[in-house]
Structure formats: C-alpha cells, structure tokens
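Here's a quick briefing to read alongside the model. Have the sequence and the 3D view open as you go.

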Amino acid sequence: MTREWTEITVVGEDDTGLIAEVTSFLFERNANIVDLDQAVRDGTFRMTMKVDTSEMVTTQLKFQEDLEDLCDGFGVDVQVRFPSDCENQSIAVLVTKESHCLEALLEAWNSGELDADIEVVIGNHDDLQPLAAQYDVPFHDIGDEKGTPNEEELLDLLTDYDIDLIALARYIRILSPEVVFRYESRIINVHPSLLPAFPGAAAYRQALEEGARIAGVTAHYVTTDLDQGPIITQRSFNVPADATEEDLKRLGQPLEAEALLEAIKLHLADELSVQFGRTELENPDETDAQLGAPQELNQLIPDQPVDGFDAVAAGETDETATADD
C-alpha cells in the first residue's frame, strides 16, 4: 500500500460508463487521479486508481459512502484505502498443511519483528489450527473435504478482519481473479524455485528432472498469471548428487520461510516499488535487506576475461601502424 496516495479498487463486471462516472465523481470532489490501471481476466473487471485526496472537499467517511453508492448502481465492489489506513497494517496468512513458513511468521510477529499484526490464519485444511492456537491467532478452515476453498468465505473473512496484506505461506491453491484483483500488489507468495524457472506444482521435482545444479526459492507478488508476479526476494542452494525431492524440501524449506519473511518486512516498510515488472528498493542505501544471494558470492566470481578483445586488438593494430610509419 502507498503511504502517499489513496487507493481505489473496483472489481466486478465491465460496464460501459463506469470509468467515466468514477472519474467525474473524483473531479467533483477535488480528488486528483495520479494513476489509473484496468484489466479484465476470466470475465472479471478490475480498475485500480491512485488518487490525491489531500485537498478533497468532503470527509473521508462521506467520500467512501458516496463512492460505494455509485458503484452499487453498477453492480461492482469498491475498496477505498486512505494513506492513514497504512499506519496499523494487518496480515492474513493463508496455509495448507506445511507449517514452516507459518511458524516463521508467527514467531517474527510474536517477537515484535513485524510492523503489523497477524490477525487471522486461513487454511483450506485444518492441519495448522493447533499452531495458530499456540499464538492465540484465530484460524478459519474454508476448504471442503478435498481442500477446495470457498473463496466467497475467504473474501468475507478478509473484509471482516480488515486485511491489508495476504501472505501465502505454502498455500497450495491458485487464487482466482476475484481475490487477486481486490488485493492487487498486496499478496505475497513464496514458490520453491528460482522463478521464472519451474513454475507451477512440484517445483523441486521439476528441478531434479531437469538436472538443475542450483535450486532455490522465490518470494513474489501474486498476479493473475501463475508464478509470474514481480520477484521480491530469492534464495538458492546447491543440489546434492543423488538428491531426492524430500532432500530438496529439507534444504529449501528454511529458505522459503526466510525469503517470505524478508519480502513481507520490505513491503510493510514501504520499501518496494515495481517498475516495468521489476521490483526495486525505494532506499537501497538505507537497508541491509538481502534480495538475492549473499554478497560474499560476488567475491567468488572471476573478474577476467570480459568482453573487450576487439577494442584491445584495434588498439594494438593502431600502435603497430604508427611504429611502421
């Protein structure tokens, strides 16, 4: 979330005239549009706006109520987040059965490392309810007997707990555009590969089958394109000879937790920006965040040879020609 602009997100069916009505609504209240983006996926329309409401001629409550009434007339949902909403952020952690990422997040929150509150843990199975209970965090199981989640229930819970950030802590389900569009740039996932390599299911197995020498993990923002969202942090490790999929899980899981936690901390500190699909640090000289491999790795990289042979050859030719003259 931005700490400078008000964010407005509209999700529903595309309707001719909606954008014009919303922009007119903002103009009439002296709210200036800084950025506007729209997309359609699987029949779901999304419009996201960043708006300067610092000089608007109405109260925040009245602004939100009137905008909700306008959008109700078009049959679409709207979310409004003012800059002041960023001051006390809340996290929902989505899980399936693997505990390592959830445990790391809960411990970091319990020790005061997170500048936010973990308000709820939501699972498509109930396996991790005891872990959430150890930290007195509410747990909701939204999955059926096969683990298929009820996304309407998920959206209701996210609204009820007033969630700002969703952390996918090895949540083994694909979120639909209905969820992703409502929380654009506010969902962080950790994937067990060095994306863009080996997206999708069974990434460690894919790495073994392709003979990878180096494997790793990636924390990234979630988009409607599977495992293609902007990369935030990555960690890597060597693949041992004769390694099994379980071996890679054992090596990768601690790094999954570390990469996810690092990415969440950076997001909460408003340290991340995305430009042309690449995530950058807002203040790279003021943070010791580890986005990729440790800096010590650079000392192991040889500095020669590098491109430049043509230039050297040309220089030698010129010198030879001068000497001959």
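Is F74 buried, partly exposed or exposed? F74 is partly exposed, at a relative accessible area of 22%; buried means under 20%, exposed over 50% and partly exposed in between, using a 1.4 Å probe and protein chains only. Bear in mind that this is a predicted model, where local features need pLDDT of at least 70, side-chain atom pairs count only at pLDDT 80 or more, and totals for chains, interfaces and linings use all residues. Residues are numbered from 1 along each chain as its sequence is written, and side-chain values use heavy atoms, with hydrogens and water left out.

**F74 and its surroundings**

- F74 sits in the loop between α2 and β4; helices (H or I, at least four residues) and strands (E, at least two) are DSSP runs, numbered from the N terminus.
- Leaving aside residues up to four places away in sequence, F74 touches D15, T16, G17, L18 and E21, where contact means heavy atoms within 4.5 Å.
- Between the C-alpha atoms of F74 and A212 there are 51 Å, with 138 residues separating the two along the chain.

**Helix α2**

- F63, D66, L67, L70 and C71 are the buried residues here. They cover an arc of only 135° around the axis, which puts them on the same side of α2; the arc is that of the directions from the helix axis to the C-beta atoms.
- Packed against that buried set are β1 (6–12), α1 (18–28) and β4 (77–81).
- Turned away from the buried side is a face with the exposed residues L61, D69 and D72.
- After α2 comes G75, with a positive phi near 70°.

**Helix α5**

- In α5 (residues 151–160), the buried residues are E151, L154, L155, L157 and L158. Their arc around the axis is only 160°, which puts them on the same side of α5.
- The other side of α5 has E152, T159 and D160 exposed.
- Cover for the buried residues of α5 includes β5 (90–95), β6 (117–123), β7 (139–141), β8 (165–168) and α6 (177–180).

**α3 against α8**

- The axes of α3 (residues 100–110) and α8 (residues 245–268) come within 8 Å and cross at roughly 45°. Axes are lines fitted to C-alpha atoms, for helices over the stretch in contact, and angles run from 0 to 180 degrees between N-to-C directions.
- α3 and α8 are therefore oblique to each other: angles under 35 degrees count as roughly parallel, over 145 as roughly antiparallel, 65 to 115 as roughly perpendicular and the rest as oblique.
- From α3, H100, C101, A104, L105 and A108 meet Q253, E256, A257, L260, L261 and I264 of α8.

- Most residues other than glycine have a negative phi, and most peptide bonds are trans.
- D162, in the loop between α5 and β8, has a positive phi near 50° and is exposed at 57% relative accessible area.
- D270, in the loop between α8 and β12 (272–275), has a positive phi near 60° and is partly exposed at 28%.
- L195 to P196 is a cis peptide bond with omega near 10°, and P196 lies in the loop between β9 (187–191) and α7 (203–209).
- Q304 and P305 are also joined by a cis peptide bond, with omega about 0°; P305 is in the loop between β13 (278–281) and α9 (309–324).
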